[in-house]
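Try each task on your own, then compare with the worked solution.

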Amino acid sequence: MTRTAMRTHLCGALRSDHVDEQVRLGGWVHRRRDLGGIVFFDLRDREGIVQVVFNPDWCEADVIARAQGVGAETVVLVEGTVAARPVSARNADMATGDVEVHATGFRIVGPAETPPIPVWRTKGEELPSEERRLEYRYLDLRRPELHRNLALRHRLLQRARLTLSDLGFYEIETPILTRPTPEGARDYLVPSRVHPGQFYALPQSPQIYKQVLMAAGFDRYFQLARCFRDEDLRADRQPEFTQIDLEASFVTSDDIYTVVEAVLVALWDEAGESVPAPFPRMSFAAAMERYGTDKPDLRFGYTIEDLSDFVRGRGFQAFDAALSEGGRVRGIRVDEGAKLSRKAIDALTEDAKQAGAGGLAILKRRGDELSGPLARLDGMTVESSGLQSGDLLLAMAGPDSVTSPALDRVRRSLISRLEVAPREAHAFTWIEEFPLFERDEEGTLEPAHHPFTAPHGDDVSRFERGDLDGVRALHYDAVYNGTELGSGSIRISDPELQLRVLEAWGLSREEAVERFGFLLRALRGGVPPHGGFALGFDRIVMLLAGAHNLRDVIAFPKTTAARALFEDTPTSVSQDDLLKLHIRTVL
């Protein structure tokens, strides 16, 4: 650390090499102990804790007297000499446990009230409620685990910048005040005082701007972009978030994969983990068929099978009915799953029901005996079951839109209940060839991701014929251990094709030009083939820090109700201020 007028060293950085050095330290009094006229401080800063000793043998009486009255979390400056601790007093649990500071000077610079929440946990001590910790975030942030998380976040930010800079990318900032999107309900709107009745929006992503940068010839762009989305929150979602955003020209999907893999390998390396590249690839259709999700956790087996032919016409009425209506029977064979208790099977059945399925039908084999409803299928024998002794078969019927999410949930629950050990620590995969469009609950066609994604080259003619269902997109997701890290695509560079995609979305040409005119103008000005990606940086930090939710890796997060408790926002605004913005509230 560079010396300053107040400090020469950080508390947690002192080691045996510093013995006999004169030091000036600044920090928080973590704990104070008075022993027969000798005062001990544990002094804490961001690097850790060091023991400070006030002893009459080397310290003036008035200094000791002032030290005796100092409370926890008071900020102090200390002068003294680094000394080796007696061997019997060394603390192997502290990085500074071989040394202490013999204080000769002491000054209070930040008096502190009794803290309303503890800033340090003893072993086994419960934390206060998260709401209370967020209310007193300035104290909560003093916890060492949050210091470690935010220090890791800093290192990962710098490593991402360095990696992309070395790959020839320019870091370019895009606007925070932008145009409202067609998904206006998810925008945070900002009223314009100087343009009455008009609004900016905070960006959900820099998507259009980075495409315009490609049209402008910058070739390779990246940004640690702040993005905003007004939607329901989860443990891994915040209304404002950071993404590693990038775009490049004259590229194919393979080129984007290579860049993103380089970034992810570098980030995992920064966190002390070695991961190989390139990552395996899987089509969206294969992921949904085998795992029931586009975010499969490939550390485990238990893939989904189509059991339709296996059960067809064998006297199981519910299955036959589903098959006659165009559905399928699908299931999972579970090695050694027969050991699951009746209670566990019932819990799996409840998981399936909560995910929308009618239930689960099971078949167990123990030795040469079969049990469960499927054991009564016509012609079912030990040999025809295909199960080994100790195995379990779980099956359900219905359309894929029902069975895929239900079997995904059952699979994840199975892995948890059987306490299956992962086959590997890090399972990255690319999911590609997503559908270009999907239908909502009313059957309306809409872009599966965003309307700037190019259709797959093999499906362009199908798109041009208006056969939009099943057209694949040049879209790709990076998935890690069952978690989506980010998404990207090759973009549309033909302005006429872009208009046709917007029309397929349900916009008239006039609406498309009104909403996306500046992008269309840029495309008409000549734009190279281009594509990009956005990695959820907060989520990556959460995974690499081993944290349980995003709030543990963000300095000032919002609650799941999108409230900031520390500064008490959102809050009401005076009527006078609203009138200046030409706004009237209706509640």
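**Exercise 1: a proline in a loop**

P203 is buried, at a relative accessible area of 5%. Task: work out where P203 is placed and which residues are in contact with P203 once its neighbours within four places in sequence are left aside.

Solution. Before starting, note that this is a predicted model, in which local features need pLDDT of at least 70 and side-chain atom pairs count only at pLDDT 80 or more, while totals for chains, interfaces and linings use all residues. Residues are numbered from 1 along each chain as its sequence is written, and side-chain values use heavy atoms, with hydrogens and water left out.

- Step 1. Buried means under 20% relative accessible area, exposed over 50%, and partly exposed in between (1.4 Å probe, protein chains only). P203 counts as buried because its value is 5%.
- Step 2. P203 sits in the loop between β8 (199-201) and α5 (207-215). Helices (H or I, at least four residues) and strands (E, at least two) are DSSP runs, numbered from the N terminus.
- Step 3. Contact means heavy atoms within 4.5 Å. With neighbours within four places in sequence left aside, P203 is in contact with P175, I176, T178, R226, C227 and F228.
- Step 4. For a distance across the model, take A72: it is 131 residues from P203 in sequence and 43 Å away, C-alpha to C-alpha.

**Exercise 2: a residue in a strand and one in a helix**

Task: decide whether A84 is buried, exposed or partly exposed, and do likewise for R133.

Solution. 

- Step 1. A84 belongs to strand β4 (residues 75-84), and its 42% relative accessibility makes it partly exposed.
- Step 2. Beyond neighbours within four places in sequence, A84 is in contact with V19, R90, D98 and V99. The C-alpha atoms of A84 and V99 are 4.5 Å apart, although 15 residues separate them along the chain.
- Step 3. R133 belongs to helix α2 (residues 130-135), and its relative accessible area of 11% makes it buried.
- Step 4. With neighbours within four places in sequence left aside, R133 is in contact with I117, L127, P128, D140 and R143.

**Exercise 3: the nonpolar cores**

Solution. 

- Step 1. A nonpolar core is a set of buried Ala, Val, Leu, Ile, Met, Phe, Trp, Tyr and Cys residues joined through side-chain atoms within 4.5 Å.
- Step 2. The largest one has 51 residues, and those with the most contacts inside it are I244, L264, L267, W268, L485, F533 and L535.
- Step 3. A separate second core has 23 residues, among them V78, V82, V99 and V101.

**Exercise 4: the cysteines**

Task: how many disulfides does a search of the whole structure find?

Solution. 

- Step 1. A disulfide is a pair of cysteine sulfur atoms within 2.5 Å. The search finds 0.
- Step 2. C11 is in no disulfide, and the nearest cysteine sulfur, in C59, is 16 Å away.
- Step 3. Seen from C59, the closest cysteine sulfur is that of C11, and at 16 Å it is too far for a bond.
- Step 4. C11 is buried at 0% relative accessible area, and C59 is buried at 7%.
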